[in-house]
Amino acid sequence: MDYQSYKTVSANAQSVEKEWVVIDATDLVLGRLASRVALILRGKHKVNYTPHVDCGDNVIILNASKVKLTGNKLTDKVYVRHTGYPGGQRFATPRELLKRKPLAVVEEAVRGMLPKNRLGAQLFRNLYVYEGSEHPHQAQKPRKINLNEI
């Protein structure tokens with residue numbers, strides 16, 4: 001029996017091949033978009049996925065302000081943050097946040113689905129979110145993907 005073919009291959013920083021992908025968020029549901037983007041950032045769609053290594057792709061999300069929220073989440077969901085001062089708890093609904101900082105809604109949804117450790121922070125740096133349909137990453141030759149294919 002050939003035991004060489006049964007070796008488990010673990011990816012490392014040198015062996016990982018990272019790609020650039022573009023996703024158009026127009027009329028996509030926020031939670032479904034965020035879960036699929038987190039999967040791509042993490043690298044779980046690749047054959048050589050390794051849990052402790054950044055083996056995911058770089059993701060560019062366009063038209064982040066045109067994302068959909070289902071049900072009453074636009075008014076009932078609450079984002080909580082703290083200024084760091086006593087009594088500094090601040091609340092915002094997605095409707096308010098989409099007006100003020102449209103990228104923050106998508107970024108917070110994706111960040112919440114990544115690991116809460118140093119690897120998660122490193123993975124989050126591979127996400128680029130833009131409000132419009134233009135991005136400055138043409139030199140990386142990103143490929144456009146449809147989230148329903150993954």
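Analyst: Two strands count as paired if DSSP finds at least two bridges between them, and the strands themselves (E, at least two residues), like the helices (H or I, at least four residues), are DSSP runs numbered from the N terminus. This is a predicted model, in which local features need pLDDT of at least 70 and side-chain atom pairs count only at pLDDT 80 or more, while totals for chains, interfaces and linings use all residues. Residues are numbered from 1 along each chain as its sequence is written, and side-chain values use heavy atoms, with hydrogens and water left out.

User: OK, what order do the strands of the open sheet have?

Analyst: The open sheet has four strands in the order S5-S2-S1-S6, with parallel pairing. S5 and S6 (143–144) stand at the edges with a single partner strand each, so one side of each is left without a neighbour in the sheet.

User: And how many helices and strands are there in the protein chain?

Analyst: The protein chain has five helices and six strands, and from the N terminus on the elements run β-α-β-α-β-β-α-α-α-β-β. Its C-alpha atoms fill a box of roughly 65 × 35 × 30 Å along the principal axes.

User: Back to the sheet: how many bridges are there between S1 and S2?

Analyst: S1 (residues 20–24) and S2 pair in the parallel sense over five bridges, with Val21 standing opposite Val59 in S2. On the pairing of S2 with S5 (residues 127–129), three bridges join these parallel strands; Ile60 stands opposite Tyr128 there, and the bridge partner of Val59 in S5 is Leu127.

User: Which hand does the unit of S1, H1 and S2 have?

Analyst: S1, helix H1 (residues 30–42) and S2 make a right-handed β-α-β unit, where right-handed means that, with the strands pointing away from the viewer, the path from the first strand over the helix to the second runs clockwise.

User: Is S2 buried or exposed?

Analyst: Buried means under 20% relative accessible area, exposed over 50% and partly exposed in between, computed with a 1.4 Å probe on protein chains only. Five of the five residues of S2 (residues 58–62) are buried, so this strand is largely enclosed by the rest of the structure. Asn58, Ile60 and Leu62 point one way, whereas Val59 and Ile61 point the other way. In a regular strand the side chains alternate between the two faces of the sheet. For the protein chain of 150 residues, 38% count as buried.

User: Which residues of H4 are buried, and what covers them?

Analyst: In H4 (residues 102–111), the buried residues are Pro102, Ala104, Val105, Val106, Ala109 and Val110. Their cover includes H1, S2, S3 (79–82), H3 (94–100) and S5, with contact taken as heavy atoms within 4.5 Å.

User: Changing topic, what volume does the largest pocket have, and which residues lie nearest its centre?

Analyst: The largest pocket holds about 200 Å³ of space. Among its 13 lining residues, Leu30, Gly31, Lys77, Tyr79 and Ala109 lie nearest the centre, and the elements that give two or more residues to this lining are H1 and H4. The search uses a 1 Å grid over the protein atoms alone, and a pocket is an open set of points where a 1.4 Å probe fits, with protein on both sides within 12 Å along at least five of seven lines, while lining residues have an atom within 4 Å of a point. Grid points are joined across faces, edges and corners, and the volume is the space filled by probe spheres set on the points.

User: And by class, what lines it?

Analyst: The lining of the largest pocket has six nonpolar, three polar and four charged residues, where Ala, Val, Leu, Ile, Met, Phe, Trp, Tyr, Cys and Pro count as nonpolar, Asp, Glu, Lys and Arg as charged, and the others, Gly among them, as polar.

User: What about the second largest pocket?

Analyst: The second largest pocket has a volume of about 160 Å³, and its lining has six nonpolar, no polar and five charged residues. Tyr79, Arg81, Arg90, Phe91 and Glu108 are among the residues that line it.

User: Last one: where is His45, and what does it touch?

Analyst: His45 is in the loop between H1 and S2 and is partly exposed, with a relative accessible area of 35%. Not counting residues up to four places away in sequence, His45 touches Leu39, Ile40 and Asp57.
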